[in-house]
Amino acid sequence: MNRVALLSVCMSVALLVYILEMVRRRRLREEYSILWLAGSLVILILSVKRDWLVWLSLAAGIAYPPTFLFLVGILFIILILVHFSIAISKLHQMNKRMAQELALLKEDLKEDASG
Amino acid sequence: MNPSDNYAPPRVLVAIPAYREGKSIGAVVASIREKFPYDVLVVNDGSPDDTSSAARRAGAKVLDLPCNLGIGGAVQTAFIFANNNGYDALVRIDGDGQHEIEDIPGVLEPILAGNADAVIGSRFLGETRYRSSIPRIFGIHFFRLLVNLFTGYRVTDPTSGFFAINRRLIEFYSSHYPSDYPEVDAYILMHRLGARTAEVPARMHARTEGKSSITTFDAMYYMVKVTLSFIINAIRRIG
């Protein structure tokens, strides 16, 4: 195993273990861990299975196989960020609804108290 | 339906979204209450000043949002309130005194007569000449073109925040209303609903207090955001 592969095995294992531990301690919700786990698993497999990596990078027209690892990493980061944007939009909508309901409820309470 | 329902006077809510309007809101609320028999609702969009107490003192019902939602979220709160309380029509007006109170019957009359679903007060119709800066004029022409292109509605003042809507739109807007810069976006929603819109002349005063909140960056964002949501809304399912 060359040094690039070794480095990427270490990093993906560390990430995998860290994410699993966060989920186990309920610091990270399962639905937000899936993409992280999938990403680190794919990188781990490609770092160990050198011949798969070579085959895939040749198929993608990439001359230097470790570059393909970066590509996979970047793709997962993009996916995760899009996922976050969607999650934030959902939270934004929920937050707006709750603020509106809260304002309406406060007024109802005031009315009940005065009348 | 009880036949006597037809003779009950229509219930109208005048809704004023307000953010940092403590200096002007009291006079606006008081003059509406003095001239019209309508309920006045102020939605205080998390103002740090005395907007809420000033509006209450002048006799408005006040909804205090716990945080600043932006104009669309604040106005939508008024739609939800009107929907929950069975109002027949809602007039939305600014709290800074820019809109002429005397023009309320003008936007309301076609709604109450059942001739339109939305009536928008336009600065550019009628006698009064509204003076504006060149970027603003450009923006207005751009939005006019956009609205006309995508909806077929011929509008003169697409960004006007002075309008009246009927029960049907109150109900629809209480679940679907754009978060920021909602007025132009609303045209595409109305178009998709097949709503009947009309414009009537409305006077616009110079602001009595405070400054317009729109900066150059905001204006650019406004144009990009509205253009995007026009394109998205044209391909989105609504319901």
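Predicted model: local features only at pLDDT ≥ 70, side-chain atom pairs only at ≥ 80, totals over all residues.
Colleague: How many bridges join S1(B) to S2(B)?

Modeller: Six bridges join these two strands, S1(B) and S2(B), which run parallel. Ala18(B) has Asn44(B) in S2(B) as its bridge partner. S2(B) is also joined to strand S3 (residues 61-64) of chain B by four bridges, and these two strands run parallel. There, Leu41(B) has Lys61(B) as its bridge partner in S3(B). By contrast, strand S4 (residues 89-92) and strand S6 (residues 163-166) of chain B run antiparallel, joined by four bridges. Leu90(B) stands opposite Ile165(B) in S6(B).

Colleague: What is the handedness of the β-α-β unit made by S1(B), H1(B) and S2(B)?

Modeller: A crossover is right-handed if, with the strands pointing away from the viewer, the path from the first strand over the helix to the second runs clockwise. S1(B), H1(B) and S2(B) make a right-handed unit. S2(B), helix H2 (residues 51-57) of chain B and S3(B) make a right-handed β-α-β unit as well.

Colleague: How many residues of strand S2 (residues 39-44) of chain B are buried?

Modeller: A residue is buried if 20 or more other C-beta atoms, placed from the backbone, lie within 10 Å of its own, exposed if 12 or fewer, and partly exposed in between. Five of the six residues of S2(B) are buried, leaving the strand mostly covered.

Colleague: Where does Arg20(B) lie, and is Arg20(B) buried or exposed?

Modeller: Most residues other than glycine have a negative phi. Arg20(B), however, has a positive phi near 55°. Arg20(B) sits in the loop between strand S1 (12-18) and helix H1 (25-35) of chain B. Arg20(B) counts as buried because 21 other C-beta atoms are within 10 Å. Arg26(A) also has a positive phi, near 60°, and belongs to the loop between helix H1 (3-24) and helix H2 (30-48) of chain A. With 8 C-beta neighbours inside 10 Å, Arg26(A) is exposed.

Colleague: At roughly what angle do the axes of H5 and H8 of chain B cross?

Modeller: Axes are lines fitted to C-alpha atoms, for helices over the stretch in contact, and angles run from 0 to 180 degrees between N-to-C directions. The axes of helix H5 (residues 134-151) and helix H8 (residues 216-235) of chain B come within 11 Å and cross at roughly 0°. H5(B) is therefore roughly parallel to H8(B), a term for angles under 35 degrees. Two residues are in contact if their C-beta atoms, placed from the backbone, lie within 7 Å. Among the residues that meet are Phe142(B) in H5(B) and Val226(B) in H8(B).

Methods
Residues numbered from 1 in each chain as written. Chains lettered and ligands numbered in written order. Parallel < 35°, antiparallel > 145°, perpendicular 65-115°, else oblique. Pairing = 2+ DSSP bridges.
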